[in-house]
Amino acid sequence: MSDELIKQQEIDFQLYEVLDTESLCDRERFADHNKETFGAVLDTANKLASELFAPHNAKADSDEPSFDGEKVSMIDDVKVAFDAYNEAGFVAGRYDYDEGGMQLPETIMTACSGYFLAANPSTTAYPFLTMGAANVIRSFASQELKETFLPPMLSGEFTGTMALTEPHAGSGLADIRTSATLAEDGTYRIKGSKLYISGGDHELTSNIVHLVLAKIPGGPAGVGGISLFVVPKYRLDDSGKPAERNDVVLAGLIHKLGYRGTTSTALTFGENGDCHGYLVGEPHQGLRYMFKMMNEARLGVGFGAAVIGYRGYRYSLDYAKERTQGRLPPKTNPTDPTVPIVEHGDVKRMLLAQKAYSEGAMSLCFFGARLVDDVHTAKTEEERKSAFELLDLLTPVVKAWPSEYGPKANDLAIQVLGGSGYTREYPVEQCWRDNRLNPIHEGTNGIQALDLMTRKIWQKNGAGLALLQKQIMSDFSQAKGAESQKLIASVGSYVAQLEPLLGTIGKALQSEQLLAVISNAHSFMNVFGQIVMSWIWIRQAIKAEQALSGEVTEQEKAFYLGKIQTAKYFVNWELPAIKRDLELLTQLDSSCSDMQTEWF
Amino acid sequence: MKVLVPVKRAIDYNVKVRVKPDNSGVDLANTKMSINPFCEIAVEEAVRLKEKGVATEIVVVSVGDKSCQEQIRTALALGADRGIQIDTDLSLDSLQIAKLLKQVVDKEEPQLVILGKQSIDSDNNQTGQMLAALTVMPQGTFASEVVVDGDKVNVTREIDGGLQTVALNLPAVVTTDLRLNEPRYASLPNIMKAKRKPLEVMPAADFGVDLTSKVSVIKVEPPAQREGGAKVADVAELVEKLKTEAKVI
């Protein structure tokens, strides 16, 4: 596609100008690191992604994995890339040195993941799922389970999955039916069916470690009765090597719109009554454990959506600079040369929107990643607590905003390419198909909106919201340039409406208008999201203005002016679209909730 | 056996090169820089020799300002043992680089010097040959295979007619071609190890080499835009165009 997966300057701007990532090295945990080691790690990620992941992105999509009834087969390139990722040591990158890790900050790991997700999201899913599953085992499983399963997962000998969804229970996990019965040997026998399990079967590794949600009979009803189990595809022998099959059977592969290189599976557990599962932590705590992984996964989903959006943006930008078509006034004579389409106003609009969505979403996710670092390593207990509360508030936004606007960016990339964009000869349609998963998985965007409106905003008496306001005020107070100050004034008029709006919603949530107000949750996410994103863009504009007040090259000048112009675009074009949502929410509009099923 | 590997910091091969508006050179501001790919192959070859037990120490050297320490660290992360930065802000030509390297060879006395055959920025293909001449060492250029055999090294060279194998007495200079090997990736643990490996900085001014450039760049231009082709109606028109437009017949 484009020459670089993510522009070096963009990564440097986000990491070292918008965020002061280098200051993390003052913290004990990261004391061995400096900008140079961060750079070397990012280089390895960029190189691996460019050389081993990107080249087979289209091939993994067109030659998707197949199942002959016995084994899953897929193109060889996936295994080459997967093995190289593991050999480079990325799986344990966040972990302690004595666990074989690198103690890298989340901010840097996020930037690394950007290269892989931009290069080839479907191959990247295999190591990423493994890292997520390993994290849950590391955080909650017994010492014995950790010692058994973590080392081969961290070295890439085993992969991991999360097996939550069942054919009849997706978002509504309270209703899962998979059961786990205590056996005489102290382990459990798992029985049930799981669906859409990514990476649920393949031949990349000698074993697959499923993290399965199941109910222990006799436990509490609903989510309080869900437990978490480690269920390997092969049970291990005394030396820890995969031995006997564990009665986990692949019922079939699912055929998806995008992300085709990642197997999506229907799995049957315990058809012959011999599927062994090992309880993680305490009984009935499974959902809580799984949510730890889900929250991290949500940041990952948001960032993935942002960088796939970015890939489409960069590709369509390059295309628009090269493709000439039509003429611009006053030079409209047929003898005048045709102009590159990037010069047409409407194409500029589509490129600006893509830039605003994708670079903005990346910046938001980097802010989220930095909060993860602060939760674990900020100097004072108070700072760590604040970071946790702010991250908790923003998690639904970090998941839902990029995953709503990332596919919108890809949609516009297709439009910029015109007829070419609609063909499989050009890569932007695959970006769109891959990205279309992101509003759906790890909690649909509908659920994120409900979570934000009915829970996150209010928890701890609005502590998260107060922290966000403080952060925004502190950032805005640094604005010295005329442009950013003007933008801040425009955003202010919308922010001022938030407080009375929250009053209205708060009351309505406890009244008979509950159903009406929650039917407008998407509008609430939109209002909140656009205000947050305006702040994220103004943050970038402020940094750009600061840089421009010093000495810059022509090329740097163009980069920073581009940031300021995009902030302007966002506040002038995108933010005012929330007027409709504000109106709907203030009126507690019931157009959707009043609609009766029979009337459709 | 000690192996010396000179490496160069060059624009990353994935980056689209932009010419400065005043045509004075390539715009490198905020551009991704990497170890020159041929130099990376040289480092990889040295590391493989060490893994085979042939080489005992790998010394990496680069000439440039502080920023080239990044590429020295990369080489150290790939498996080199220590680094030398010959510190200068000047932009040097192949001959001056070769003269500086000669002094490093005199001091370090390596049995083998492995260099990239050329750098992807200036494409000169000179430094290795010049260094061999200055140090009076035999040279095996464009290597696609390097086998050390006692006090000799057999170098298979990629030449126009195919492959040529030369046997050189050690110490010798080898320059690498693209097919010699596929360099490994710097793994995260090795990046951390590289941080602790020694890196010595030596001011170029202390080498007693005349560093004034003998070559001046007149103008740098991007390649001409490729123009679209046209269909011809028949052979007659083709011949006509070849005569009058292309002027090749």
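Is Thr31(B) buried or exposed? With a relative accessible area of 13%, Thr31(B) is buried, a term that denotes under 20% relative accessible area, against over 50% for exposed and partly exposed in between (1.4 Å probe, protein chains only).

## Basis of the model

This is a predicted model, in which local features need pLDDT of at least 70 and side-chain atom pairs count only at pLDDT 80 or more, while totals for chains, interfaces and linings use all residues. Residues are numbered from 1 along each chain as its sequence is written, chains are lettered from A and ligands numbered from 1 in the order in which they are written, and side-chain values use heavy atoms, with hydrogens and water left out.

## Surroundings of Thr31(B)

Thr31(B) lies in the loop that runs between strand 2 (9-11) and strand 3 (33-35) of chain B. Helices (H or I, at least four residues) and strands (E, at least two) are DSSP runs, numbered from the N terminus. Apart from residues up to four places away in sequence, Thr31(B) touches Ile11(B), Val15(B) and Arg18(B), contact being defined by heavy atoms within 4.5 Å.

## Interface of chains A and B

On the chain A side, 32 residues are in contact with 20 residues of chain B. The two chains bury about 2,400 Å² between them, 54% of it on carbon and sulfur atoms; buried area is the accessible area (1.4 Å probe) that two parts lose on being put together, summed over both.

Five salt bridges are counted between chain A and chain B, each requiring a side-chain nitrogen of Lys or Arg within 4 Å of a carboxyl oxygen of Asp or Glu. One salt bridge joins the side chains of Glu40(B) and Lys47(A), at 2.4 Å from N to O. The side of chain A that touches chain B draws at least two residues from each of helix 1 (8-18), helix 2 (35-53), helix 8 (286-322) and helix 17 (554-574) of chain A. Helix 2 gives the most, with twelve residues.

## Nonpolar cores

The largest nonpolar core has 197 residues, and Phe90(A) and Leu112(B) have the most contacts inside it. Such a core is a set of buried Ala, Val, Leu, Ile, Met, Phe, Trp, Tyr and Cys residues joined through side-chain atoms within 4.5 Å. Beyond its neighbours within four places in sequence, Phe90(A) is in contact with residues including Val41(A), Leu48(A), Phe116(A) and Leu188(B). A second, separate core of 24 residues includes Ala98(B) and Met137(B).

## Helix 11 of chain A

Helix 11 (residues 428-435) of chain A is largely enclosed by the rest of the structure, because seven of its eight residues are buried. Among them are Glu429(A), Arg433(A) and Asp434(A). The buried residues of helix 11 pack against helix 3 (57-62), helix 6 (121-140), helix 8 and helix 10 (381-417) of chain A.
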